[in-house]
Amino acid sequence: MKQHSPHPDLLQVEPFDAIIDEEMEPGDILYIPPGFPHEGYSLENSLNYSVGFRAPNGRELVSGFADYVLARDLGSQRYSDPDITLRDRPANVLPQEVDALRQMILDLVKQPEHFQGWFGEFISQSRHELDIAPPEPPYQAGEIYELLQQGEALQRLGGLRVLRIGEQCFVNGELIDTKQLQAADALCQHFSVDATLLGEAMDDPSFLALLTTLVNSGYWYFND
């Protein structure tokens, strides 16, 4: 299917013959597999929802990892070839030289700590604008501690991505930098967390400070 873009923000396809032509009724759900274009018309005043699950493509992955490398000043080693010799055709780049350059890139990707760190930030970053409303005034750590001890629970902001990869947890493109992995995992696995789920991390001042930052960022909130 040939794509064309009449506007930078719109990616469309050329006219096509439909293989399915159905009239939807209230409550109907239509699944459209990836790679299949669709075109719908409203026959009368109506409200419908389109829910998409879109995996990243190769271009997005390469671009995202390149941004991560640049931001952290990684990959500073330069190409070198101490065994290079004069050649009869100096304009030719030899296959082994291309392979060596490719290997430099692969070596960056193969560093597990950097690849995992990048992927955690990349995949947890929301692809749409979140309805973030930081509390005013901001909470103090002691206030959050008291509310949790009184039985209040923190609710996760709708649409917020909180993921665990290995022994690290990420939220909206940021590493949850804490040694309290059980509590961080609770933030990943549950939409509502209380003192019981956070466990002994409640008595860790560094975790409580981190939790306060997350709440004041609008990522978690207490119900009024």
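Modeller: We will talk about domains, sheets, backbone angles and a pocket.
Modeller: Residues are numbered from 1 along each chain as its sequence is written, and side-chain values use heavy atoms, with hydrogens and water left out. This is a predicted model, where local features need pLDDT of at least 70 and side-chain atom pairs count only at pLDDT 80 or more, while totals for chains, interfaces and linings use all residues.

Colleague: Which domains does the domain assignment of the chain give?

Modeller: Domain bounds come from an automatic or database domain assignment. Here that assignment gives domain 1 (58–124) and domain 2 (141–222). Their centres, taken over C-alpha atoms, are separated by 36 Å. Seven residues from domain 1 and eleven residues from domain 2 take part in the contact, where contact means heavy atoms within 4.5 Å.

Colleague: How should I read a sheet, and what is the order of the strands in the one with β4, β5 and β6?

Modeller: Strands of a sheet pair through backbone hydrogen bonds, either parallel or antiparallel. Helices (H or I, at least four residues) and strands (E, at least two) are DSSP runs, numbered from the N terminus, and two strands pair if DSSP finds at least two bridges between them. In this sheet the order is β4-β5-β6, an open arrangement with antiparallel pairing. The edges are β4 (162–165) and β6 (174–175), each with a single partner strand, so one side of each has no neighbour in the sheet.

Colleague: How many bridges join β4 to β5?

Modeller: Four bridges join β4 to strand β5 (residues 168–171). Look for V162 opposite V171, and for R164 opposite C169.

Colleague: How do I read the backbone angles?

Modeller: Most residues other than glycine have a negative phi, and most peptide bonds are trans. In this model, D73 has a positive phi near 55 degrees, and D73 lies in the loop between α1 (58–71) and α2 (95–109). N172 also takes a positive phi, near 45 degrees, in the hairpin of β5 and β6. A cis peptide bond joins E136 and P137, with omega about -5 degrees; P137 is in the loop between α3 and α4 (141–149).

Colleague: Where does the second largest pocket lie?

Modeller: Rolling a probe the size of a water molecule over the atoms shows where empty space is left. The second largest pocket lies between domain 1 and domain 2, because both give residues to its lining. Of the 15 lining residues, the closest to the centre of this pocket are G52, F53, R54, R127 and R161. A pocket is an open set of points on a 1 Å grid over the protein atoms alone, where a 1.4 Å probe fits, with protein on both sides within 12 Å along at least five of seven lines; lining residues have an atom within 4 Å of a point.
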